[in-house]
Amino acid sequence: GVDAIGLLGVKLDTGRDRNGNGLFPVGSDGRAADDYSEAGAAIKLRTSNTVLKYGTQFVALPILSTDDARLLPETAEGTIITSSEIEGLELNGGYFTALNAMASTDHDSSNGGALESIAFAGGTYAISDALSASLYYSDVKVIETEDDFEKFYGNLNYNMELGADQSLAFDFNIYKTDVDAADSDNVIWSLASTYSFGAHGLTVAYQQNSGDDGYRYGLDGGGTIWVANSVQYSDFQGEDEKSWQAR
């Protein structure tokens, strides 16, 4: 099969004092472009419960997650294979060589630099109806810099049914990043608990960042921060930052 993507952003009104918000490319005169667009396609092959996909695509994995928080979403170029041959187990592996920022149509314009390549592997296993675990690894290389890094991600999710349309869920996420050039590392983790009843949910969460630097992401996708306190206006991923959430 083939997946096709066509994206167009059209400016209705703005000025030089109202740009820089990541919506439109900005020219040398300080004005936002009148419009911008991009197109792409990906071919895919399925055999049994395994799918191989190559080309321009959206990706939603904890170690490569394209962002859609602006007018045009990010897109990535590369290859991904997804396999669900074993019941309850989904495996993912891939190699991508380009990623575009949301305010650009240049596929070498990812946030945080220009991506040379990202290779990754991992998966999620449903241990039972209530408990699942995920583990992923990625190796990111940056064009014309030594700022390459390796990243590990882990997740445990437990959902306990309480009856009468009620449940209690626990969600633990952790990233460990090792940056080669800076000889630095980082660990960020979060634990969230949600009590759900009917259409409502009450959540409390704690998140902590430690190491030689803040958590780095963007070069591997603007959405690659699957932790509890990554919310609309802040990710709380600064060096040694700790945060609580009640929702």
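A pocket is, on a 1 Å grid over the protein atoms alone, an open set of points where a 1.4 Å probe fits, with protein on both sides within 12 Å along at least five of seven lines; its lining residues have an atom within 4 Å of a point. The model is predicted: local features need pLDDT of at least 70 and side-chain atom pairs pLDDT 80 or more, while totals for chains, interfaces and linings use all residues. Residues are numbered from 1 along each chain as its sequence is written, and side-chain values use heavy atoms, without hydrogens and water.

**View 1. The second largest pocket.** Its lining consists of Ala 192, Thr 194, Thr 203, Ala 205, Ile 225, Val 227, Ala 228, Ser 230, Val 231, Gln 245 and Arg 247. Strands E12 (184-197) and E13 (200-211) each give two or more residues to this lining (strands are DSSP runs of E, at least two residues, numbered from the N terminus).

**View 2. The largest pocket.** The volume is about 380 Å³ (the space filled by probe spheres set on the grid points, which are joined across faces, edges and corners). Of the 19 lining residues, Asp 67, Ala 69, Arg 70, Met 102 and Gly 222 lie nearest the centre.

**View 3. Asp 165.** This residue, in the loop between strand E10 (149-161) and strand E11 (166-179), has a positive phi near 60 degrees. Asp 165 is exposed, at 59% relative accessible area (exposed is over 50%, buried under 20%, partly exposed in between; 1.4 Å probe, protein chains only).

**View 4. Phe 236.** Located in the loop between E13 and strand E14 (242-246), Phe 236 has a positive phi of about 55 degrees. Its relative accessibility of 29% makes Phe 236 partly exposed.

Terms used:
Helix = DSSP H or I, 4+ residues; strand = E, 2+ residues; numbered from the N terminus.
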